[in-house]
Amino acid sequence: MPEFSLRPRRQELPSLPPHPPPILSPLLEQLSAQYGIDDISLLDLRTLDPPSALGDNLIMLIGTARSEKHVHAVADRLCRWLRSEPYKLSPSADGLIGQNELKIRLKRRAKRMRIRAMSAAATPEAELDDGTTTSWVCVNLGEVDGGVLPKQREQRMFVGFGSSHAGSNLVVQIFTVEKRAQVDLEKLWMGILERAREGGEADENGEGF
């Protein structure tokens, strides 16, 4: 079986947060059952104030692929799925190499390999970063329908003078095992959430003045 096979794998999915956007449940199923992404975790960052640079009202999914080829294949197919019916979203995928660009880079790599083969001081292939591999892709779905917490909905209605538009932002982070351990986004964002909660409690108690 190819290294990047999207063979379905059974695993326990993270529980849905309160008031999830409708797309969240099928997205989790797609990542796990269809694409074989492992160890999926869900970070509910909708209460962050100020919000993340990735967007306000943010929900982040983090998952592990089995190889760099698997990362690339999943990100590509996920974007295609999101663009199709019934979602018709316009996701962006930071770190994903397009097929045409990948072909160009592979040709350049083959040329460099031929040159290196004739060189006495050849660099080991494992030490080369030729831009043809992907160990981390961030798929940003942008704003999707639903997923606004009741308190936030009240605030939006007040600020927008009755505007009914309400959405949330979804991001999927796909890593190789090694890259996920190195970056450790869960620890990073949980720390940010904890500091935000402590800051909010301090303001409520008048300690911020």
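What share of the 209 residues in the protein is buried? Buried residues make up 38% of them, where buried means under 20% relative accessible area, exposed over 50%, and partly exposed in between (1.4 Å probe, protein chains only). Keep in mind that this is a predicted model, in which local features need pLDDT of at least 70, side-chain atom pairs count only at pLDDT 80 or more, and totals for chains, interfaces and linings use all residues. Residues are numbered from 1 along each chain as its sequence is written, and side-chain values use heavy atoms, with hydrogens and water left out.

**The overall layout**

- The protein has six helices and five strands; helices (H or I, at least four residues) and strands (E, at least two) are DSSP runs, numbered from the N terminus.
- Take the contacts (heavy atoms within 4.5 Å) with a separation of 6 or more: 76% of them are between residues 24 or more positions apart.

**The sheet**

- The five strands of an open sheet line up as β1-β2-β5-β4-β3, with mixed pairing; two strands pair if DSSP finds at least two bridges between them.
- β1 and β3 (92-94) sit at the edges, each pairing on one side only.
- Neighbouring strands are turned by 20° against each other on average, direction ignored.
- β2 and β5 run parallel and are joined by seven bridges; I59, for instance, has L170 in β5 as its bridge partner.
- Helix α1 packs on the sheet, touching β1, β2, β4 and β5, and its direction makes about 10° with that of β2.
- Helix α2 packs on the sheet too, touching β3, β4 and β5, at about 15° to the direction of β4.

**Two helices side by side**

- Two packed helices are described by the angle between their axes and the distance between the axes.
- Here, α1 (residues 24-34) and α2 (residues 68-83) pack at about 145°, with their axes 11 Å apart; axes are lines fitted to C-alpha atoms, for helices over the stretch in contact, and angles run from 0 to 180 degrees between N-to-C directions.
- On the α1 side, P26, L27, Q30 and L31 make the contact, and they meet V74, L78 and W81 of α2.
- Those contact residues split into six nonpolar, one polar and no charged (Ala, Val, Leu, Ile, Met, Phe, Trp, Tyr, Cys and Pro count as nonpolar, Asp, Glu, Lys and Arg as charged, and the others, Gly among them, as polar).

**The nonpolar cores**

- A nonpolar core is a set of buried Ala, Val, Leu, Ile, Met, Phe, Trp, Tyr and Cys residues joined through side-chain atoms within 4.5 Å.
- The largest one has 27 residues, and those touching the most other members are L27, L31, L78, V139, L141, V172 and I174.
- α2 gives the most to this core, with seven residues.
- Leaving aside neighbours within four places in sequence, I174 is in contact with residues including I37, V71, V74, W136 and V139.
- There's also a second, separate core of 12 residues, with L48, V171, W189 and L193 among them.

- The peptide bond from D49 to P50 is cis, with omega near 5°, and P50 is in the loop between β1 and β2.
- Another cis bond runs from E85 to P86, with omega near 0°; P86 is in the loop between α2 and β3.
- D39, in strand β1, has a positive phi of about 50° although it is not a glycine, and at 53% relative accessibility D39 counts as exposed.
- D184 also has a positive phi of about 50° without being a glycine; D184 lies in the loop between α5 (177-183) and α6 (185-204) and is partly exposed at 32%.
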